Amino acid sequence: MGNTLQLYTSFYSNYPDAILLLENEEIISSNALAQKLLKIDDEQQLLGKKLSNFSANHSQTNTQLLSYLETCGKEGKTEFDWNFESNKKIIPTKVFLSKLEIGDKMLTQVILRGNAEEQHHHQQLKAITEALDRSAIISIADKKGKITKVNKEFCKVSKYSEEELIGKDHNIVNSGYHTKEFWQQMWQDISRGKTWRADVKNKAKDGSHYWVDTVINPMLDNNGKVMSYLSIRYLITDKKEKEFEIQNVQEKLRKQAEQFHLAVRGTADGIWDWQILTNTIYFAPRWKEMLGYKEDELANSFDTFNELLYEEDKERVSENLNQFLEGKIKDYDIEFRMKTKDGGIKWIHTRGALLRDKDGNPMRMAGAHADITKRKEEEQELRRLQKELFVEKNLSELIIANIPQAVFWKDLDFNYLGCNKLFAEGAGKDCADEIIGKSDFDMPWAKHAGLYRKDDKQIMEQNEPKLGIVEPQITADGKERWVRTNKIPLRDEKGKVFGVLGMYEDITEQKSKEALIQEQNEKLLLSEMELRQNMEILQMTQEEMLEKQELVEKQNKKLFSSEAILKKALSKMKIQESDLKDTVEELQSQEEELRQNMEELSATQEEMVKKQILVEKQKSKLEANEAVLKKALEKMKKQEYVLKESVEQLQTQEEELRQNMEELHATQEVLANQKEELELTNKQTTKSIQYAQTIQSAFLPPQSSFDNLLSESFIIYKPKDIVSGDAYWLSSHENKILIGVIDCTGHGVPGAFMSLVANNLLNEIINQRGIIQPNLILNELHKGVVQKLNQREGANNDGMDLSLCLLEPATDNTTRLTFGGVKQNLYLCRGQELLELRGNRRSIGGSKRLDDRKYEQESIILEAKDAIYLATDGYADQANEERKSFSKKRFRELIQEVGQLSMKEQGKIFIAQLEDHQKDTAQRDDITLIGFRV
């Protein structure tokens, strides 16, 4: 159910209506429009809920909704109006219920259509109608069968103009192929209002014939009476030709069967005669010749028949014979396989008659063998043709029409043979038929037609695909966009190239995002450089501020010291001034005494002169002290000016620091925004890679395939990133099994691309070319990698390591294992003994030399309970928290420890040992380990 449900969800994700899927009344899936209508942010909020959980009228929800669901279950569909509630808002909605069978489960599809959605639905319906008109052959006739309307496609296919068709009935295109009863049944159905469908052979105006899948739908009025008939047709000429081819093969087989029965009845071809009572049997010479033996090379005994009977058919033949002898079945008529002398197989059809005695006991039985090998091969070919027809009819149109990429295919002259609708729309055309027969020079992208033709020519000449081509393209409206194109050669059954198949997807937005990411990275780098420069400037500024702060502190200390000196000087000056005042007062007193006692002092005049001289000296000394004081004041003023300048410089530096901090915060905000953008881009890229993981997983064989081919096995597959550079291979070829493990250069997306290259090459070598010997596969794989990656001329040096082992029956019901590896070994645990088959040391790919490498292989006969292991180097190289690898030595020892356990237990132990060793350490490389027993 999973794959079918996934296909259905991919369809309704783009449907113009809101859609829910219910299982047992509970929601199991929804599309984006349903989440939008119900105002739900995450689908998980819907899953497991019932419709009643979102209804506005809860009191009536259970009974009414259950009634509608029951009606849908009985009648297949129903519709009704309903009010839903979300965020306390009423949502009037039209609800359409219908039963839907997906896989083995019966689900209920719920289509919700609000008022806005109703208008949108009508617009979508109009678009669908227009698309139908462009792709189908449509006509409308009145109730008498007269044509009243045809579309362009009808005129194009029938080669009649619209004027030639209007007013005529559809006999104008009647080929005369169908019987009168055929058309009577058609009129009987549509006149009763029933839809009629059949494959119809029509005749065009030029006399050519074409087949159409025809649906005629009566258009009824309100009273249920037919007003007109709508006919929708699709060309199916190619399909009918294949059906006729199958019918011819069936008729050929029928005639051959008649000839066979006639030959058996009229000739003694392959006659045998069994005397049951004596248990002796006679084989005619033709019986033995049929299996490649001469008459004397085979004994006439029942043992001869048993020995030549194919092993898988013995039980069925014996049971059929016993039932015939016992009278439980009327006829002895059976087909089986017999071994020929040259080791081949032939299909035999035998019929026999039985002679019984009077008591009903079998006495004698005789019959004839007929070689029906050719008929069986033709039946197989018939089944193949039927399968091809089924695939073409049911898958090719569905896949090409719904694939989310533009698909096209061209012939050897570079002209278009066909395309899907998406490609036609990109070319500005209404349908694929408008593209057929044209070349790229006739398309809107004619400017780049030479580039496209060069690629097409290279692919068809070299018979090799070309993948991941990134190239420009001009759209129908004249705009240029970027596309990623993959092209492969188209080959017929004999491998001859007859054209090229391509598909492309629009990556313009991705290219823009890549450019934006690159631009953002460059801006981020510039911002980071500016931030580093600003941090360096900030650090230098801080260092300068510290130096200036130290200088200011020193200047302050000097200023405090000078102030103390000045205070001392002032204090001393005050003392001197006080002394001077005292001296002046004393002089004044002495002068007064001198005036009063002039006469008395004349005797002491000389003494007074001396005192006068002393006063002058003291005055000079005072003047000198005053000059010193002035100098000290000037010095203090200068120091105060220097201090102000230092303070202003500190304030300026503080302002610059503040601006730098603001710029730093702004830069941090820009970096935060860029980080959010990068995280969003990374999230989108991760989603793309996760989708790539789904694609890569589809290439890997499932565990069920191993379980079907081997007695027991386990697979450990752990990509380092989301997608992996490791891969593994499993295929069966009659009674032979091929198993392989591949380790491509790199991991993540580059490694995944290399693993797809490896898978495609192995599929071509093994499944298409039929090469299954490991050493020959390695030889061809090396050539393929060198050629596909253009390693002889280009700079690419990627390659891969791998191990392949072929399991095939040997003598005595044993199995032979043939191993060929490149830089990988095969481990075989036999009891307590560990055998190691070593691979070649020369790698696959990665060389520009034109050497013709020859890889070796070796074989070994397996014994019961032998355990075989294939692994890439990721397991042994995984490091722990101390950066020590698990090591190949410990890996070998672990194989010997667990080799006798069941493969399921071994797988659990290998995983547990790896996790115990790794703990929280990041995974170093992709890890792949496969263990199995035959």
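Me: What is the handedness of the crossing of α22 and α23?

Reply: The model is a predicted one. In it, helix α22 covers residues 888–898 and helix α23 covers residues 903–918, and their axes come within 11 Å. The axes cross at roughly 145 degrees. The crossing of α22 and α23 is right-handed.

Me: How many nonpolar, polar and charged residues are in the contact of α22 with α23?

Reply: Helix α22 contributes R890, F891, L894, I895 and V898 to the contact. Helix α23 contributes Q906, I909, F910, Q913 and H917. By class, the contact of α22 with α23 has 6 nonpolar, 3 polar and 1 charged residues.

Me: What angle does the direction of helix α14 make with that of β18?

Reply: An open sheet of 5 strands has the order β17-β16-β20-β19-β18, with antiparallel pairing. Its edge strands are β17 (416–419) and β18 (466–474), and the twist averages 30 degrees from one strand to the next. Helix α14 (residues 449–462) packs on this sheet and touches β16, β18, β19 and β20. The direction of α14 makes an angle with that of β18 of about 160 degrees.

Me: Which residue in the hairpin of β18 and β19 takes a positive phi?

Reply: The strands β18 and β19 run antiparallel and are joined by 7 bridges. I474 stands opposite E480 in β19. The hairpin has 5 residues between the strands, and the residue with a positive phi near 85 degrees is G478.

Me: Which element gives the most residues to the lining of the second largest cavity?

Reply: The second largest cavity holds about 100 Å³ of space. Its lining has 13 residues, and F408, Y452, E471, Q473 and Y504 are the closest to its centre. The elements that give two or more residues are β16, β18 and β19. The element that gives the most, with 3 residues, is β19.

Me: How many charged residues are in the lining of the largest cavity?

Reply: About 130 Å³ of space lies in the largest cavity. Of the 13 residues in its lining, W272, I281, F302, F305 and Y332 lie nearest its centre. At least two lining residues come from each of β11, β12, α10, β13 and β15. The lining divides into 11 nonpolar and 2 polar residues, and the number of charged ones is none.

Me: Which element supplies the largest share of the lining of the second largest pocket?

Reply: The second largest pocket has a volume of about 420 Å³. It is lined by 23 residues, with H170, N171, W183, M186 and W187 nearest its centre. By class, this lining has 12 nonpolar, 7 polar and 4 charged residues. The largest share, 4 residues, comes from α7.

Technical notes:
Residues are numbered from 1 along each chain as its sequence is written. This is a predicted model: local features need pLDDT of at least 70, side-chain atom pairs count only at pLDDT 80 or more; totals for chains, interfaces and linings use all residues. Side-chain values use heavy atoms; hydrogens and water are left out. Axes are lines fitted to C-alpha atoms, for helices over the stretch in contact, and angles run from 0 to 180 degrees between N-to-C directions. A crossing is left-handed if the near helix is turned anticlockwise from the far one by less than a right angle, and right-handed if clockwise. Contact means heavy atoms within 4.5 Å. Ala, Val, Leu, Ile, Met, Phe, Trp, Tyr, Cys and Pro count as nonpolar, Asp, Glu, Lys and Arg as charged, and the others, Gly among them, as polar. On a 1 Å grid over the protein atoms alone, a cavity is a set of points where a 1.4 Å probe fits but cannot get out, and a pocket is an open set with protein on both sides within 12 Å along at least five of seven lines; lining residues have an atom within 4 Å of a point. Grid points are joined across faces, edges and corners, and a volume is the space filled by probe spheres set on the points. Two strands pair if DSSP finds at least two bridges between them.
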